[in-house]
Amino acid sequence: MARHIVARTTEIPHGGNKVVTLDGRDIVVFHVNGEFFALLNRCPHAGAPLDKAACVARLTSPEPGVYQRSRVGELLRCAWHGWEFDMRNGQSWFDPKRVKVRTYPVVIEDGETLAKGPYVAETFPVHIEDSYVIVET
Amino acid sequence: MSEVIDRPMLEQEAPAKSRLKIIDCDIHPSLHARSDLNPFLSKRWQEHLKTYGDHLRTPYIGTTPYPRSSPLIARRDAWPPTGGPPGSDLDFMRKQHLDPLDIEFGMLQVLDMFIFSQQNLEFGAAIQRAVNEWQLAHWTSREPRLKAAILVGQDDAAAAVAEIERCAKIGQYLQINVSPRANEPLGRRRYWPIYARAEELGMPLGIHVGGYGGHAPTGGGWPSYYAEEHQSNAHSMAATLTSLVLEGVPEHFPRLKIVFIEGGFGWISSTMWRMDQHFERFRAEVPHLKRRPSEYVREHFWFTTQPIDEPDEARHLRSLIEWVGVDRLLFSSDYPHWDFDDPRFAFKTPLSEEERAKIFNSNARALYKL
Amino acid sequence: MAATRIDCDIHPAVGGTRTTLLPYLDDHWKEQVVSRAIDGLDLTSYPPNMPLSGRADWRPKNGKPGSDLSMVQRGAFDQLGASHAICNVLYGAQAVYDPYMAAAFCKAINDWIATEWLARDKRLRASIVIPLQAPDLAIEEIERRAADHRFVSVLVMAQGESLLGRRHYWPVWQAAEKHRLPIAVHAGSQYRSAPSSVGWPSYRYEYYLAEAQAFQAQLLSLIYEGVFLKFPQLKVVLMESGVTWLPAFMWRANKTWRGVRVEVPWVDREPAAIMRDHIRLTTQPFDGPPDAAGVADIIDMIGSDRMFLFSSDYPHWQFDGDDAIPPHLPSAIVSRMCADNPLETFPRLSLAA
């Protein structure tokens, strides 16, 4: 497993994302309320880029006219056909077992730790006072 | 079976090597702003456009009462970085769509301005002319891959025919377009002067979903949701096909070719079976039909493929294709709309080389004489 | 002993308001009907003399096809082999604008069918005709028939004033669910507006073909408005709708729902799954492809053997000969559709009289 530094934590605002290429794959990293999620930047339906997806609440309803919201910002509505995916585990809404986006583990590490190594050297400058988003492929 | 796509992306949307050149039969260019039409409008109509604007059979001036599931019905990644709505920037359209997908030709379908549905018929005539000129000035003269259509408001047949004449002389247009949601079903006699001209000129008649004809999207009343209204487009196409065939349009205009655009094709086979099933019983009503209805469909109608059907099992898509007939199908993307079909991924059933060539290229090439 | 074969859609015909229904009207409506000559509620959808309305050998010498009980018995039971049959009266009482007149005429139809048909042949059952434009009066009519288990369903037209899923109809569905009455949506239009999204058709042929789209729109309305979530025991039967449009319709509904679900978050599973649980279709007309392989494909695509209900659509002319079963249907489907599926769909229908 390779570990890649993809960003400083301050680089991606809450509700935003950053796309990086790791091992030949486009990976999108989302930031929601201090948590970071990394997914393959390709919708399994028809290949749409998920970095352009709408980040919305998880929406359920017990009966017509009632709208229950939770986990605001953690669901992705794909930029093309609107399929919904859970950022945390990549599962699609309509068929969570069989249709999902590949996800990648993310850890946050501070510069001091990283400066000691090891990490994949992709000429990403590391400052010990910052925190960094690490994606494992 | 997991449907996780997990393959390396080698290059970020580089222009594809030419394996199969694609003819995309449904691309939607947009105005930046309505004032873009001013150069093609007289002072009177510029003023009218700014003040009274649209007069359509719908409650709102600026939007549909069935809000779409994404802004401007578009893919969220189709907003040009230079500004303007999706589909308004030619360079971005080239970079995002025409180049990487190796589009050889793209047939333009202008939905802006609701040409087909304007209640003020003089205004409608003015803007249809403006839009037809705008297509040439802003799109086809700058990009040879893109092809224009003569858009006409079908409910004023005389004005429609006059506009067809004007555009035909210019010679830069490849089809004549009307709306399926007209004041009356399109097979009705009042529209025949348009079909007569189309047949004489040897130009296909294009019918793209949409329009504000004033009827509810269903025969049983007004739906509450976009989810219902969106699917009603297929129903309107089925009813339009029925009207055209039963009124005798292909019987009366045997050289006329008719293209249904953005209706998809899943509904066609059952509609043909139903027409044939009841033909004998109702025959006395339609003695002008010399052949079975499905025969007219197989000889006079073409159908663009988007939105493609997505059965749970890929082999069922194969059945749909075979029931309609590969020769009837024309690939379309519907770029930049949200339910766009990517030619690389839309057909989840294997196609033979010959089938692929027909659906993605040679059927359209022959139909539009490209 | 004859096998059970339940014909879920036959059409006894009302001769006229001033004739057939008069005995079943109260004094006020009797006087209105006679002194104002109120009559003639045959629907534009079904002119009695047009070929579809009555197969030639099912037309009596006098009167409309379906108006003669003994002829209907000979046709539906003796000739076509049904053991039981559900009567769906298409006389257009529901299409009248005056809600009280509509209610009175619907009541009269239901009284007439009970007295002159159900009472005279223990094999017959019926759908309750209701004035849907006044939901409270429709509920009254349902409650009036609830104890009579010869009434096995509630009849509505495929094209009414509002789509069937709309909220103002929910109390009617609630009453139907309570009394275990499925909703029978039958081909026919109240002509409140154009019977098609593209306008008014020129021909009955054209109109008839457009009915298929109307049924599809009703299904979308019922599903997306959440009717089956609110009334989980409710079933809806499409009658004389055609069948082969169903697969592509299911796929398009699923496709749309996946992308637009946020509009209707109470629809908690795919529309096609909801349809397989709650929707049934009678098999005449079937509108099938000409070959057995095509029919097998359609059945496979639909993905449920429980959705099909045997029907003849007597006396409408849907087929020639004595076999009302559409050609090439797999035998597994045929055996379910004649008895098991109807019994499951119409829980009030007991085979014993």
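Colleague: Where in chain B is B:His235 placed, and what makes B:His235 count as buried?

Modeller: In this predicted model, B:His235 is placed in helix H6 of chain B, which covers residues 226-247. A residue is called buried if 20 or more other C-beta atoms lie within 10 Å of its own, and B:His235, with 26 C-beta neighbours inside 10 Å, therefore counts as buried.

Colleague: Which residues is B:His235 in contact with, leaving aside its neighbours within four places in sequence?

Modeller: Those contacts are with C:Ser197, C:Gln213, C:Gln216 and C:Ala217. As for B:Trp267, it lies 32 residues from B:His235 in sequence, with a C-alpha to C-alpha separation of 8.3 Å in space.

Colleague: Why are H4(B) and H5(B) called roughly parallel to each other?

Modeller: The axes of helix H4 (residues 157-170) of chain B and helix H5 (residues 192-201) of chain B cross at roughly 20° and come within 9 Å. Angles under 35 degrees count as roughly parallel, and H4(B) and H5(B) are therefore described in that way. The crossing in which H4(B) passes H5(B) is right-handed.

Colleague: What makes up the contact between these two helices, by residue and by class?

Modeller: H4(B) contributes B:Ala157, B:Ala160, B:Val161, B:Ile164 and B:Ala168, while H5(B) contributes B:Pro193, B:Ile194, B:Arg197 and B:Leu201. By class, that contact has eight nonpolar residues, one charged residue and no polar residues.

Colleague: How do you know which part of chain B should be read with caution?

Modeller: Chain B averages a pLDDT of 94, and 95% of the residues score at least 70, but over residues 1-17 of chain B the pLDDT is below 50, although this stretch has 28 contacts in the model beyond near neighbours in sequence. Where pLDDT is low, the predicted coordinates should not be read in detail.

Colleague: What is the secondary structure of chain A, and how much of chain A is buried?

Modeller: Chain A has one helix and ten strands, in the order β-β-β-β-β-β-β-β-β-α-β from the N terminus on. Of the 137 residues in chain A, 37% are buried, and the C-alpha trace spans about 55 × 30 × 20 Å along its principal axes.

Colleague: How many residues of chain A are in contact with chain C, and of which classes are they?

Modeller: Twelve residues of chain A are in contact with twelve residues of chain C. On the side of chain A that touches chain C, six residues are nonpolar, four are polar and two are charged.

Key: Residues are numbered from 1 along each chain as its sequence is written. Chains are lettered from A and ligands numbered from 1 in the order in which they are written. This is a predicted model: local features need pLDDT of at least 70, side-chain atom pairs count only at pLDDT 80 or more; totals for chains, interfaces and linings use all residues. Two residues are in contact if their C-beta atoms, placed from the backbone, lie within 7 Å. Ala, Val, Leu, Ile, Met, Phe, Trp, Tyr, Cys and Pro count as nonpolar, Asp, Glu, Lys and Arg as charged, and the others, Gly among them, as polar. Axes are lines fitted to C-alpha atoms, for helices over the stretch in contact, and angles run from 0 to 180 degrees between N-to-C directions. Helices (H or I, at least four residues) and strands (E, at least two) are DSSP runs, numbered from the N terminus. Angles under 35 degrees count as roughly parallel, over 145 as roughly antiparallel, 65 to 115 as roughly perpendicular and the rest as oblique. A crossing is left-handed if the near helix is turned anticlockwise from the far one by less than a right angle, and right-handed if clockwise. A residue is buried if 20 or more other C-beta atoms lie within 10 Å of its own, exposed if 12 or fewer, and partly exposed in between; C-beta atoms are placed from the backbone. pLDDT is the predictor's confidence in each residue, from 0 to 100.
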